[in-house]
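These are my notebook entries on one structure. I kept to what I could look up, entry by entry.

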Protein chains: 2
Amino acid sequence: MPNPTAAMLVIGDEILSGRTREANMYYLSGELTKVGIDLEEVRIVSDKSAAIVSAVNALRATFDTVITSGGIGPTHDDITADAIAQAFGVPIDVRDDARALLQAHYDRQGAELNAARLRMARIPKGATLIDNPVSIAPGFTIGNVHVMAGVPAVFQAMVASVLPTLIGGAPLLSQTLRIQRGEGDIAGPLAELAQEFDDLQMGSYPYQKDGAYGANIVIRGTDAARVNAAMTKLSGLFPA
Amino acid sequence: MPNPTAAMLVIGDEILSGRTREANMYYLSGELTKVGIDLEEVRIVSDKSAAIVSAVNALRATFDTVITSGGIGPTHDDITADAIAQAFGVPIDVRDDARALLQAHYDRQGAELNAARLRMARIPKGATLIDNPVSIAPGFTIGNVHVMAGVPAVFQAMVASVLPTLIGGAPLLSQTLRIQRGEGDIAGPLAELAQEFDDLQMGSYPYQKDGAYGANIVIRGTDAARVNAAMTKLSGLFPA
């Protein structure tokens with residue numbers, strides 16, 4: 001049975017303009033791989049409602065799970081929650097349980113739950129809250145879409161809250177062989193090996209170091225014995 | 001007049017599986033911003049023909065320019081050139097000028113231009129070659145799609161070859177004010193300022209440092225005087 005699939009949607013002008021380096025994709029891809037969920041696509045779109053609505057509707061129709069990152073803070077450019085409500089065709093408003101979380105948090109801090117902060121309690125109708133132990137303002141899940149903050153510490157905490165609720169597959173195992181020859185010398189034998197082991201994925205990732213070419217050959221699969229067998233054969237083809 | 005738009009398509013299982021950190025998006029976004037081209041979307045898809053074809057067709061129909069990264073090497077998992085040919089509905093074969101480049105390169109190296117390496121001379125009909133001063137195997141341009149290698153040094157060299165041929169817009173200017181207060185305190189006044197200067201973009205990028213909350217407020221626009229005026233007003237609202 002194929003593994004469940006996932007897509008990630010990153011919302012943020014600051015990434016597209018080159019101001020900020022995207023920081024959550026690498027983390028999420030590693031976590032999903034560990035539990036046997038295949039991340040099949042990532043999209044990064046700007047803080048525009050139409051772009052978010054269109055991307056989330058395309059991705060949620062195609063993949064088992066969608067995880068979004070960014071755009072759920074208190075400022076005017078944080079429009080993700082409204083765009084998700086629009087994508088699902090449901091109303092959105094301040095919700096009592098989310099407001100109570102924020103009220104308690106700002107009371108503890110001696111800060112005011114002003115109109116801007118209250119925006120973070122706006123939750124699309126029918127969603128469930130995602131716990132945020134870092135800065136309290138919750139994410140939410142609606143349908144197969146999990147809406148999370150972009151700040152890496154908060155994103156990671158929300159992923160930790162949601163991951164155990166997702167149905168995983170067989171974790172992907174991988175082994176890597178570093179071959180100090182040009183990819184052009186590796187490609188022919190590797191293609192034959194890939195055909196022989198067509199239940200496995202074999203990738204070649206070239207590098208250049210101190211003027212010499214080489215490649216890391218990665219063999220991936222869910223059956224440890226098959227991955228071992230293919231790796232043994234590959235090592236025999238390219239002895240160190 | 002609005003700036004020309006661009007999208008980036010990254011092809012690579014190794015990024016989606018968390019093995020490799022994506023390394024070209026940050027560079028490209030910065031280069032495009034400098035010449036006034038708005039990067040509006042990035043997609044990362046796996047090494048599957050259908051995924052590449054579908055993404056490239058969606059992006060080239062929507063944006064002025066599409067730049068792809070990855071999947072044009074000599075190994076069996078390098079299928080980008082074939083997928084691009086399929087997306088444009090044109091044939092693909094080894095082309096003489098590309099083969100000549102490779103032949104001269106491998107002759108100099110005393111290496112053989114074998115079947116695997118010759119794959120890198122497969123160019124969709126009607127494309128023009130993109131110069132690769134780093135490792136010779138060319139990228140190519142077809143329609144509004146520029147197909148480049150994923151290895152960062154080669155990607156950057158290809159971007160340098162192509163950028164001067166693209167029509168840019170007004171470069172985006174940006175100024176940043178670091179405010180050491182929570183976003184919730186900033187959001188109200190910032191939203192009013194954004195309404196007053198509705199020809200500018202204002203973004204708020206929160207951070208947490210040593211337990212204190214703050215935000216970098218970025219004001220972007222193409223008119224320096226307007227950006228200055230908005231920043232002066234913002235500084236007045238939040239004196240250091």
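**Entry 1. A loop residue of chain B**

Leaving aside neighbours within four places in sequence, B:Asn114 is in contact with A:Gly184 and A:Asp185. I placed B:Asn114 in the loop between α5 (96–109) and α6 of chain B; helices (H or I, at least four residues) and strands (E, at least two) are DSSP runs, numbered from the N terminus. Is B:Asn114 buried or exposed? B:Asn114 counts as buried because its relative accessibility is 15%; I used buried for under 20% relative accessible area, exposed for over 50% and partly exposed for in between (1.4 Å probe, protein chains only). I then found that the side chain of B:Asn114 reaches the backbone oxygen of A:Gly184 at 2.8 Å.

**Entry 2. Conventions**

I noted that residues are numbered from 1 along each chain as its sequence is written, and that chains are lettered from A and ligands numbered from 1 in the order in which they are written. The model is predicted, and local features need pLDDT of at least 70, side-chain atom pairs count only at pLDDT 80 or more, and totals for chains, interfaces and linings use all residues, while side-chain values use heavy atoms, with hydrogens and water left out.

**Entry 3. The interface as a whole**

I counted 56 residues of chain B in contact with 56 residues of chain A. The area buried between the two chains is about 4,500 Å², and carbon and sulfur atoms give 54% of this area. Buried area here is the accessible area (1.4 Å probe) that two parts lose on being put together, summed over both. Which three residues supply more than any other three of the area that chain B buries against chain A? They are B:Arg19, B:Tyr26 and B:His76, with 14%.

**Entry 4. Polar pairs and contributing elements**

I found 4 salt bridges between chain B and chain A, a salt bridge being a side-chain nitrogen of Lys or Arg within 4 Å of a carboxyl oxygen of Asp or Glu. The side chains of B:Arg117 and A:Asp185 meet in a salt bridge at 3.2 Å, N to O. I also recorded 15 residue pairs in polar contact between chain B and chain A, both residues at pLDDT 80 or more. A polar contact is a pair of N or O atoms within 3.5 Å; within protein, one must be able to donate a hydrogen and the other to accept it, and residues adjacent in sequence count only if both atoms are side-chain atoms.

On the side of chain B that touches chain A, the elements that each supply at least two residues include α1 (13–16), α2 (25–34), α6 (115–118) and β10 (201–209). α8(B) gives the most, with 8 residues. I divided the residues of this side into 21 nonpolar, 20 polar and 15 charged. Ala, Val, Leu, Ile, Met, Phe, Trp, Tyr, Cys and Pro count as nonpolar, Asp, Glu, Lys and Arg as charged, and the others, Gly among them, as polar.

**Entry 5. Strand pairing across the chains**

I followed strand β2 (residues 38–45) of chain A to β2(B): 5 bridges join them, and they run antiparallel. Two strands pair if DSSP finds at least two bridges between them. A:Arg43 stands opposite B:Arg43 in β2(B), and A:Val45 has B:Glu41 as its bridge partner there. Within chain A, 7 bridges join strand β1 (residues 5–11) to β2(A), and these strands run parallel; A:Met8 is partnered with A:Val42. I noted that 7 of the 8 residues of β2(A) are buried.

**Entry 6. A:Arg220**

I located A:Arg220 in strand β11 (residues 212–221) of chain A. Why does A:Arg220 count as buried? The reason is its relative accessibility of 4%. Not counting residues up to four places away in sequence, A:Arg220 touches residues of both chains, among them A:Leu172, A:Tyr205, B:Asp13, B:Glu14 and B:Arg19. Its side chain makes a polar contact with the side chain of A:Tyr205 at 3.1 Å.

Just after α2(A), A:Gly36 takes a positive phi of about 80 degrees. In α2(B), the buried residues are B:Met25, B:Leu28, B:Ser29, B:Glu31, B:Leu32 and B:Thr33. B:Gly36 follows α2(B), with a positive phi near 80 degrees.

Technical notes. Contact = heavy atoms within 4.5 Å.
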